Amino acid sequence: MIPEHLYSIYYEKISLGNSYIYFGGYTAPKGSSSNNVSWYNLVTTGSNSGLWTLKGKTVQYGSGDLGTVTEVIFDTGYSQIILPKTVFDNLIKKIDKNCSFSSSTGYYMCTCKSASTLSTLNIV
């Protein structure tokens, strides 16, 4: 029996391989406390209300701001990032050396091999 209608996901760097999903609650990652957990209200109206959607925030890559977004969709199974054009253009300027544009798909692609050279993408 799952004790709560809650799940949490913890990601660690690829090389460490200690990521996990926890059903029925959450547990704080090693070396931290439960005070480090961030709680957010999901968007409950509009076209994205059925998805894991948060109100817009500032998007940062590394230490630089890329712009703001009105809504952010968090889906652990999603392999794409969809951003407003101005934020996307700013991101491409930063990652262009690590990723490449595929004319066959129309997407920028970053291989797993380049993951270690990328900075952190934050939505704060």
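Reader: Among contacts between residues at least 6 apart in sequence, what share join residues at least 24 apart?
Author: In this predicted model, 28% of the contacts between residues at least 6 apart in sequence join residues at least 24 apart.

Reader: And how much of the protein is buried?
Author: Buried residues account for 18% of the 124 residues. The protein exposes about 9600 Å², and carbon and sulfur atoms supply 54% of that area.

Reader: Which secondary structure elements are there, and in what pattern along the sequence?
Author: The protein has 1 helix and 9 strands. Along the sequence the pattern reads β-β-β-β-β-β-α-β-β-β.

Reader: What is the strand order in the open sheet of 3 strands?
Author: The order is E5-E4-E9, with antiparallel pairing. Strand E5 (64–68) and strand E9 (121–123) are the edge strands, each pairing on one side only. From one strand to the next, the twist averages 25°.

Reader: How many bridges join E4 and E5?
Author: Strand E4, residues 58–61, pairs with E5 over 4 bridges in the antiparallel sense. Tyr61 has Gly64 in E5 as its bridge partner.

Reader: What holds paired strands together in general?
Author: Strands of a sheet pair through backbone hydrogen bonds, in either a parallel or an antiparallel manner.

Reader: Where does helix H1 lie?
Author: Helix H1, residues 85–95, lies across E4, E5 and E9. Helix H1 runs at about 160° to E5.

Reader: Turning to charges, how many salt bridges does the structure hold?
Author: The structure holds 1 salt bridge. The side chains of Asp89 and Lys85 meet in it, at 2.9 Å from N to O.

Reader: How far apart are Asp89 and Lys85 along helix H1?
Author: Asp89 and Lys85 are 4 residues apart in helix H1, so about one helical turn separates them.

Reader: Are these two side chains buried or exposed?
Author: Lys85 is exposed, with a relative accessible area of 61%, whereas Asp89 is partly exposed at 28%.

Reader: A change of topic: which residues form the nonpolar patch on the surface?
Author: The patch is formed by Ile2, Tyr7, Ile9, Tyr11, Ile21, Phe23, Leu42, Trp52, Phe74 and Ile123, with about 970 Å² of accessible area together. The elements that give two or more residues to the patch are strand E1 (7–10) and strand E2 (20–23).

Reader: And where is Tyr11 found?
Author: Tyr11 is in the loop between E1 and E2. Tyr11 is exposed, because its relative accessible area is 55% and the cut-off for exposed is over 50%.

Key:
Residues are numbered from 1 along each chain as its sequence is written. This is a predicted model: local features need pLDDT of at least 70, side-chain atom pairs count only at pLDDT 80 or more; totals for chains, interfaces and linings use all residues. Side-chain values use heavy atoms; hydrogens and water are left out. Patches are made of residues with over 30% relative accessible area and no salt bridge: like charges are joined within 9 Å, nonpolar side chains (Val, Leu, Ile, Met, Phe, Trp, Tyr) within 5 Å. Accessible areas come from the Shrake-Rupley method with a 1.4 Å probe; for residues, only the protein chains shown count as cover. A salt bridge is a side-chain nitrogen of Lys or Arg within 4 Å of a carboxyl oxygen of Asp or Glu. Buried means under 20% relative accessible area, exposed over 50%, partly exposed in between (1.4 Å probe, protein chains only). Contact means heavy atoms within 4.5 Å. Two strands pair if DSSP finds at least two bridges between them. Axes are lines fitted to C-alpha atoms, for helices over the stretch in contact, and angles run from 0 to 180 degrees between N-to-C directions.
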